[in-house]
Amino acid sequence: MSTTRTLRPEAECATPVTFAMHCTVCGAASRPDPEFEAAHDWATQHLDGNPTHTTYREVIHRHWRAS
Ligand SMILES: [Zn+2]
């Protein structure tokens, strides 16, 4: 007999979804922030100081609950 399992985004978690940007050229990264704009601003400022660092990876952390 199998048990049905579910997995869904955690709605009651005290930690919100966070966004961060990683520079794929040098490995530098922004701090995780619940506002995407903070990650976006970090990337544009990083580009200002490092004009050849033109590729980035977005990292999103979202908490899930299984039952
Ligand atoms: Zn960089």
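**Cysteines, rings and a core**

Colleague: Let's start with Cys23: buried or exposed?
Modeller: This is a predicted model, and the cut-off for buried is under 20% relative accessible area. Cys23 has a relative accessible area of 3%, so it counts as buried.

Colleague: And what is the relative accessible area of Cys26?
Modeller: Cys26 falls between the cut-offs of 20% and 50%. That makes it partly exposed, with a relative accessible area of 44%.

Colleague: How many disulfides does the structure hold?
Modeller: A disulfide is a covalent bond between the sulfur atoms of two cysteines. To count here, two cysteine sulfurs have to lie within 2.5 Å. The number of disulfides in the structure is 0.

Colleague: What's the order of helices and strands along the chain?
Modeller: The chain has 1 helix and 4 strands. Read along the sequence, they follow the pattern β-β-α-β-β.

Colleague: What is the radius of gyration of the chain?
Modeller: The C-alpha atoms fill a box of roughly 60 × 25 × 10 Å along the principal axes. For 67 residues the globule rule gives 11 Å, and the chain is well over that, so it is more spread out than a compact globule. Its radius of gyration is 17 Å.

Colleague: Phe19 and Phe36 pair up through their rings; how are the planes arranged, stacked or edge-to-face?
Modeller: The count comes to 2 aromatic pairs, this being one of them. The ring centres of Phe19 and Phe36 are 5.9 Å apart. Phe19 sits in strand E2 (residues 18–23) and Phe36 in helix H1 (residues 36–49), so the pair ties together parts 17 residues apart in sequence. With the planes at 85 degrees, the pair is edge-to-face.

Colleague: Which ring pairs with Trp42?
Modeller: The centres are 6.2 Å apart and the planes sit at 85 degrees, so this pair is edge-to-face. Trp42 lies in helix H1 and its partner in strand E3 (residues 56–61), so the pair ties together parts 14 residues apart in sequence. The partner is partly exposed, with a relative accessible area of 25%, and its name is Tyr56.

Colleague: Which residues is His46 in contact with, leaving aside its neighbours within four places in sequence?
Modeller: His46 is in helix H1, and at 13% relative accessibility it counts as buried. Its contacts, with those neighbours left aside, are Cys23, Cys26, Ala28, His53 and Tyr56.

Colleague: Which residues form the salt bridge?
Modeller: Side chains of opposite charge can pair when their charged atoms come close. A search of the whole structure finds 1 salt bridge, at 2.6 Å from N to O. It links distant parts of the chain, 55 residues apart: the loop between strand E1 (7–9) and E2, and strand E4 (residues 64–66). The two residues are Glu10 and Arg65.

Methods: Residues are numbered from 1 along each chain as its sequence is written. This is a predicted model: local features need pLDDT of at least 70, side-chain atom pairs count only at pLDDT 80 or more; totals for chains, interfaces and linings use all residues. Side-chain values use heavy atoms; hydrogens and water are left out. Buried means under 20% relative accessible area, exposed over 50%, partly exposed in between (1.4 Å probe, protein chains only). Rings of Phe, Tyr and Trp (its six-membered ring) pair if their centres lie within 6.5 Å; planes under 30 degrees apart count as stacked, over 60 as edge-to-face and the rest as tilted. Helices (H or I, at least four residues) and strands (E, at least two) are DSSP runs, numbered from the N terminus. A salt bridge is a side-chain nitrogen of Lys or Arg within 4 Å of a carboxyl oxygen of Asp or Glu. The radius of gyration is taken over C-alpha atoms; the globule rule is 2.2 Å times the number of residues to the power 0.38. Contact means heavy atoms within 4.5 Å.
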